[in-house]
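Biologist: I'd like to learn how to read a model like this one. Could you take me through it, feature by feature?

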Amino acid sequence: MASTRMHFADPHPLVRSQYSSTASHVCDLCRSRLAGLIGYRCDACNFDAHEACADYFKKSITFFAHPWHALGLSRIPISSTGLSWTCDLCREDCGPGSFVYCCAQCGFVVHPLCTLLPQVIHSSLHIQHYLHMVPATGNCSGCREALPVWHYRCGLCAFNLHIACVSGSGGGGGGGGSGGGGGGGSGVVGGSNLGNRVAKYLLKQSFKLAIDAATGGMASAVMGVLPADSDDYS
Ligand SMILES: [Zn+2]
Ligand SMILES: [Zn+2]
Ligand SMILES: [Zn+2]
Ligand SMILES: [Zn+2]
Ligand SMILES: [Zn+2]
Ligand SMILES: [Zn+2]
């Protein structure tokens, strides 16, 4: 008898499943693969989630980047093909049918995974002070490219960094599809890895430590399911 559970993200009982090592299913919450892991699935809705993600991500959260209102987890309508939704933090797409935390009142949208990004972080590129995630404009002090609205900043020194540049290992902006190549590791599914770029940052040691500190270690189970391929330790 398969065990099931209810979850606010799906109206049906979800079946606890062991995904095969070749399964192409992607977690609807963190956008990473379920291959070889345990998760919960609804066949009717084609909904899948890692066990860790089903436990960690809450129906409603408070988030420093939008302190005015609670953010609710909701699904971008499949029919919204004409509209494009972009994560306010990482500026990457939130595809139709994908789950996001959003404030409907203000149109603020953020990937579930991006809610793990710490508000305050320490970077080896700027050891004097902590950097805070803030909305501003300017250029990155690391790679010199223009910054998206949200980035890490030391206000005292007007020192700014892309999320990707915080760990100091170069490789900031751009990021065309042909990254990596060497090293190998598990094959990456084409297309649908919306969360993977952010996932890669979150696995950097500097982020991991800050996330653990901010969540009391609660989020480490989620980081444990993220794809570790092309992770250059720093
Ligand atoms: Zn997940
Ligand atoms: Zn369902
Ligand atoms: Zn994002
Ligand atoms: Zn709002
Ligand atoms: Zn940069
Ligand atoms: Zn500073």
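Predicted model: local features only at pLDDT ≥ 70, side-chain atom pairs only at ≥ 80, totals over all residues.

Biologist: On to the metal. Which residues coordinate the zinc ion (ligand 1)?

Modeller: For a metal site, list the donor atoms, then look at the angles. Here the donors are SG of C27, C30 and C53, plus ND1 of H50, at 2.1 to 2.4 Å. The angles among these four donor atoms run from 98 to 120 degrees, and the site is tetrahedral. Four donors count as tetrahedral if all angles lie between 85 and 135 degrees.

Biologist: How are the donor residues spaced in sequence?

Modeller: The pattern for the zinc ion (ligand 1) is C-x2-C-x19-H-x2-C. C27 sits in the loop between β2 (10-18) and β3 (38-42), while H50 belongs to strand β4 (residues 47-50), so this pair ties together parts 23 residues apart in sequence.

Biologist: Are C27 and H50 buried or exposed?

Modeller: The cut-off for buried is under 20% relative accessible area. C27 is at 0% relative accessibility, so it counts as buried. H50 counts as buried too, because its value is 1%.

Biologist: Now a loop. Where is G95?

Modeller: G95 lies in the loop between β8 (93-94) and β9 (99-103). Its relative accessibility is 17%, so G95 counts as buried. To relate sequence to space, compare G95 with P77: they are 18 residues apart in sequence, and their C-alpha atoms are 9.1 Å apart.

Biologist: Last, a helix. Which residues of α3 are buried?

Modeller: With a helix, check where the buried residues point around the axis. In α3 (residues 205-215) the buried ones are F207, A210, I211 and T215. They lie on the same side of α3, because their arc around the axis covers only 115 degrees. On the other side of α3, L209 and A213 are exposed.

Biologist: What comes after α3?

Modeller: G216 follows α3, and its phi is positive, near 60 degrees.

Definitions and conventions. Residues numbered from 1 in each chain as written. Chains lettered and ligands numbered in written order. Heavy atoms only, no water. Donors = N, O, S within 2.8 Å, 3.2 Å for Na, K, Ca; no water. Tetrahedral: all angles 85-135°; square planar, octahedral: opposite > 155°, others 65-115°. Helix = DSSP H or I, 4+ residues; strand = E, 2+ residues; numbered from the N terminus. Buried < 20%, exposed > 50% of the residue type's maximum accessible area, 1.4 Å probe, protein only. Arc of directions from axis to C-beta.
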